[in-house]
Amino acid sequence: MPSPSDRRYTDSHEWHKLTGETLTLGLTKHAVEELTDITYVEMKPAGTEIEPGSEVGEVESVKATSEVYCAVGGEIIEINDKLMDDPSLLNNDPYEEGWLVRLRVTDASTLDELMSGEAYDERYG
Amino acid sequence: MLKTPFYDFHVEHGAKMVDFAGWEMPILYSGIIEEHRQVRSSGGLFDVSHMGRFWVRGRHARRLLERVCSRRVSDMQVGQCRYSLVCNEQGGVRDDVLVYRLDDDAFMVVVNASNREKLFEHFESARGDWVFKLEDRTVETAMVALQGPNAMGLIGKVSQEVPSLKRFRFVEKNLLIAKLLVSRTGYTGEDGVEAILPANFVNHAMKLLLKDVNMSEAEAAIKPAGLGARDTLRMEAGMPLYGHELEEDLCALSCGLDFAISMDKDGDERGEPFIGLEALRRAQQEGIREKIVGLMLDGRRTARPNMAVMNGDKQVGRITSACLSPTLGRPIAMALVEIKHAEPGATLEVETGRARIEAEVTKLPFYQAPKK
């Protein structure tokens, strides 16, 4: 299945979806398949200011612990609490229910430098 | 890369394949945790054909194995298998193996995939003027493990003999022109069997074995399980893995496997000292300094191999294996710690690099299958 075309992708396998000033961040299906079963998710708390390209948290799987990065700077306004109780949401629905964090962004121009879904699939599909 | 005779089976069942010790092996089919639970609640089928299989036959086969194995083999009966370590001269662990006694002077030895060449050379180098034939038949044979509380019931449909086997016993069966060896052994902490059969017989055998089982059915008694689940299952069962709890430069007496080391092995009539025995005697005299223990961690985070185990500001050990235990629902680990911190109940901390997690030293195993 192709990666959704309504968002932008990084080589570190995050997707970024902008709706107005709100950016939602998650991991791609390819990423969660490589990680295998996700066992734990810890994002920085709401209110944290993030520089473009810096870390927003960590996800742990049966196999490894991985840092998650956001290509756009902004303030974390919401984290997906459901993942605390059920990290497998991330494996089962990485593009919708399994989103990780939402940020309020003022300058989303770095998004343009990221890959489209099509370009991402060409590289990692 | 080497492919096992089950390769097509793995692909047909949607396996995610990885390189493991030069073999293309399934790490998972549906998901590691789901497969783990399937094995604990009903049954799983594992391809373990990558494990090395040696046959040792001849006048001095028994003496060779007494020489390389830390555990006595001379008193084994035909039809018995026994877990043992293979040590180096310094008393470190070269590998852990399962020895099968096929006849008075014929044995089979199952070794770790990553140590196959090394161990073959090690056995050859211990030859001296002894007469025996050592054969590596890994690629001509296949090995499969059927594990879980419903495994023996399923086998009971095709064999009366196998379910009556005691633990660590095996039978050899002649099927058409092929020879099948089935042992009541495993690496999951569950009841079950491991079978060794000719590689070219795999397709036929799978049809026989699975004719009553629909592997794609949600409620199937037996489903395929990958190396990922095999690893978390063995951790819960407190079983060591070479490269983690067992290493060339780790004293065999530190591994918590004293049952597999016969320190008096050269004593009796047919006694034979094993390679490493002298070094282990010295180590025992000087006192064992560190030991493999179980750790139960607080919270939900998983430790990773080589993370430091701390007592206050002092590092007293390191993590060797860890996972979030699917059965217990909490993180577990195995660690090598200084002997004075190895008592169950001791409280230590794991340094993750960004946080400290409290951990309690726990008796192994973490999990035991309920007695039937």
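I started in chain B, where B:Asp19 stands opposite B:Glu24 of strand E3. Helices (H or I, at least four residues) and strands (E, at least two) are DSSP runs, numbered from the N terminus. Two strands count as paired if DSSP finds at least two bridges between them.

Ground rules. The model is predicted, so I note that local features need pLDDT of at least 70 and side-chain atom pairs count only at pLDDT 80 or more, while totals for chains, interfaces and linings use all residues. Residues are numbered from 1 along each chain as its sequence is written, chains are lettered from A and ligands numbered from 1 in the order in which they are written, and side-chain values use heavy atoms, with hydrogens and water left out.

**Hairpin, chain B**

I looked up the partner of E3(B). Strand E2 (residues 16-20) of chain B is joined to E3(B) by five bridges, and the two run antiparallel. They form a hairpin with two residues between them. In the turn, B:Ala21 has a positive phi of about 50°.

**Barrel, chain B**

Next I traced the barrel. Six strands of chain B close it in the order E15-E18-E17-E16-E19-E20, with antiparallel pairing. From one strand to the next the twist averages 45°. Axes here are lines fitted to C-alpha atoms, for helices over the stretch in contact, and angles run from 0 to 180 degrees between N-to-C directions.

I checked one pair. Strand E15 (residues 290-297) and strand E18 (residues 331-338) of chain B run antiparallel and share seven bridges. There, B:Val293 faces B:Ala335 of E18(B).

Which helix lies across E17 and E18 of chain B? Helix H7 (residues 227-236) does, running at about 125° to E17(B) (314-324).

**Interface of chains A and B**

I counted contacts (heavy atoms within 4.5 Å). Chain B puts 15 residues against 16 of chain A. The three residues B:Arg301, B:Arg304 and B:Arg354 supply 43% of the area that chain B buries against chain A, more than any other three. The area buried between the two chains is about 1,400 Å², and carbon and sulfur atoms give 44% of it. Buried area is the accessible area (1.4 Å probe) that two parts lose on being put together, summed over both.

How many salt bridges cross the interface? The rule (side-chain nitrogen of Lys or Arg within 4 Å of a carboxyl oxygen of Asp or Glu) finds seven. One salt bridge joins the side chains of B:Arg354 and A:Glu55, at 2.9 Å, N to O.

I then sorted the side of chain B that touches chain A. Strand E3 (23-28), helix H2 (32-41) and H7 of chain B each supply at least two residues to it. H2(B) gives the most, with three residues.

I moved to chain A. Three strands form an open sheet in the order E4-E6-E7, paired antiparallel. E4 (38-43) and E7 (65-70) of chain A are at the edges with a single partner strand each, so one side of each is left without a neighbour in the sheet. The twist averages 25° from one strand to the next. E4(A) pairs with E6(A) (residues 54-61) over five bridges. Among the residues there, A:Met43 has A:Gly57 as its bridge partner in E6(A).

Last, I looked up A:Glu21. A:Glu21 is in the loop between E2 (14-19) and E3 (22-27) of chain A. Neighbours within four places in sequence aside, A:Glu21 is in contact with A:Leu103, A:Arg104 and A:Val105.
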